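Dear colleague,

I am handing over the structure that you will find just below, and after it I set out what was found in it. Please keep it open while you read.

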Amino acid sequence: MTVPSRSGPARAKARTLFAAAAVASAAAVALAVPAAASAASIHGRSAGTATGPAVFVQTDNTGGLGGQLAGSVVDHLASQGSLQYDAAQHLLVAVNAGSNSVTVFGVHGTRLHQRQIIGSGGQFPVSVAIHGNLVYVLNALRGGSVQGYRLSPAGRLAFLRGSHRRLHLSQSATPQFVNTPGQVSFSPSGSQLIVTTKANGNDIDVFGVQPGGRLSASPVVNSEGSTVPFAIAFDQAGHLVIANAGTNSLATFTLGSDGTTTLIDSVGTGQAATCWVALAGGTLYASNAGSANVSGYTSSASGQLTLLGQTATDPGTVDAAAAPGGAFLYVQTGANGIVDGFSVGTGGALTSLGSVTVAGAAGGEGIAAS
């Protein structure tokens with residue numbers, strides 16, 4: 001994978017516009033997604049438009065309602081998926097870690113309208129999963145927990161009675177940011193809910209999702225040694241993909257109907273602090289916070305991984321999101337609060353579309369594309 005220039009002609013090919021929007025208990029930045037890599041240049045800000053796709057970035061500068069786990073530097077929530085877009089209802093769901101709540105926004109192009117703030121059912125929410133009208137939030141502190149909700153046609157969350165499940169992680173393990181759970185995610189069918197525990201157990205926990213949306217009483221706990229499983233994705237064939245911070249690698253698994261995971265392949269990035277993973281255009285991209293780059297991988301029909309190489313980003317590479325269709329990848333970098341945009345080319349090669357500094361986004365996490 002080639003490493004594109006971060007200035008000059010490549011920067012002039014994007015037409016992305018950036019609009020800041022501070023809204024109630026969350027702050028977000030909306031980036032209009034380019035329709036083609038050959039459009040006009042990124043150099044301005046707008047007040048937002050009511051139409052067109054966008055990329056939304058959650059910051060950690062929210063008047064005390066954001067939060068920072070002890071020991072974290074470029075990744076204050078130490079998680080993936082703290083901001084999720086629901087395409088069916090054009091909604092954005094954001095965690096408010098410091099206030100133990102979740103905000104639901106209506107999305108109109110790059111404009112956000114706050115619809116609701118609701119408790120997270122625990123302490124320090126860090127990740128959100130959505131499947132149909134079912135939403136689960138992952139809380140990081142007090143041993144970790146997940147809380148379920150129903151999403152109404154009016155775009156509001158209601159607590160799902162009997163859905164709260166504790167993870168029973170150690171509350172004294174340090175450093176804190178390594179020992180909190182990393183992500184909650186549904187399986188592609190929605191029949192299972194997956195939680196990574198990072199160093200606090202080194203487990204992949206899999207709950208069964210019952211017809212009414214409630215979870216099995218306890219998860220199937222899949223121990224992964226000292227890999228520090230952090231972030232979750234699924235490849236095009238439906239294999240579970242985990243970014244392992246302890247081994248700086250991506251790993252693929254089969255996910256059994258009984259909740260067990262079976263390792264297929266694991267390939268290292270050769271980089272530092274590999275913690276996040278996103279799928280774009282059939283290619284998996286792992287974010288390496290300690291190396292200021294992303295590593296590209298292909299995953300075969302049988303789940304075998306091939307490392308393509310690295311593409312440079314700004315410092316502190318964290319969460320990433322692909323535009324619908326996978327033609328563009330947007331990478332949040334936490335050292336200076338910068339978002340880097342790339343077009344995804346043949347064989348997964350990334351070409352820079354430029355970058356923007358987002359006010360208050362240093363250390364912030366959470367990015368989603370509409």
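Contact here means heavy atoms within 4.5 Å. This is a predicted model, in which local features need pLDDT of at least 70 and side-chain atom pairs count only at pLDDT 80 or more, while totals for chains, interfaces and linings use all residues. Residues are numbered from 1 along each chain as its sequence is written, and side-chain values use heavy atoms, with hydrogens and water left out.

Leaving aside residues up to four places away in sequence, Gln 147 touches several residues, among them Tyr 136, Phe 159 and Ser 163. Gln 147 belongs to strand 10, residues 145-151 (a strand is a DSSP run of E, at least two residues, numbered from the N terminus). Gln 147 counts as buried because its relative accessibility is 7% (buried means under 20% relative accessible area, with a 1.4 Å probe and protein chains only). Its side chain and that of Ser 163 are joined by a polar contact of 3.1 Å, which is a pair of N or O atoms within 3.5 Å where, within protein, one must be able to donate a hydrogen and the other to accept it, and residues adjacent in sequence count only if both atoms are side-chain atoms.

Ile 204, in strand 15 (residues 203-208), is also buried, because its relative accessibility is 0%.

Finally, strands 4-5-6-7 form, in that order, an open sheet with antiparallel pairing (two strands pair if DSSP finds at least two bridges between them). Strand 6 (residues 101-108) is joined to strand 7 by eight bridges, and His 108 stands opposite Arg 111 in strand 7.

Best wishes

Notes:
Helices (H or I, at least four residues) and strands (E, at least two) are DSSP runs, numbered from the N terminus. Buried means under 20% relative accessible area, exposed over 50%, partly exposed in between (1.4 Å probe, protein chains only).
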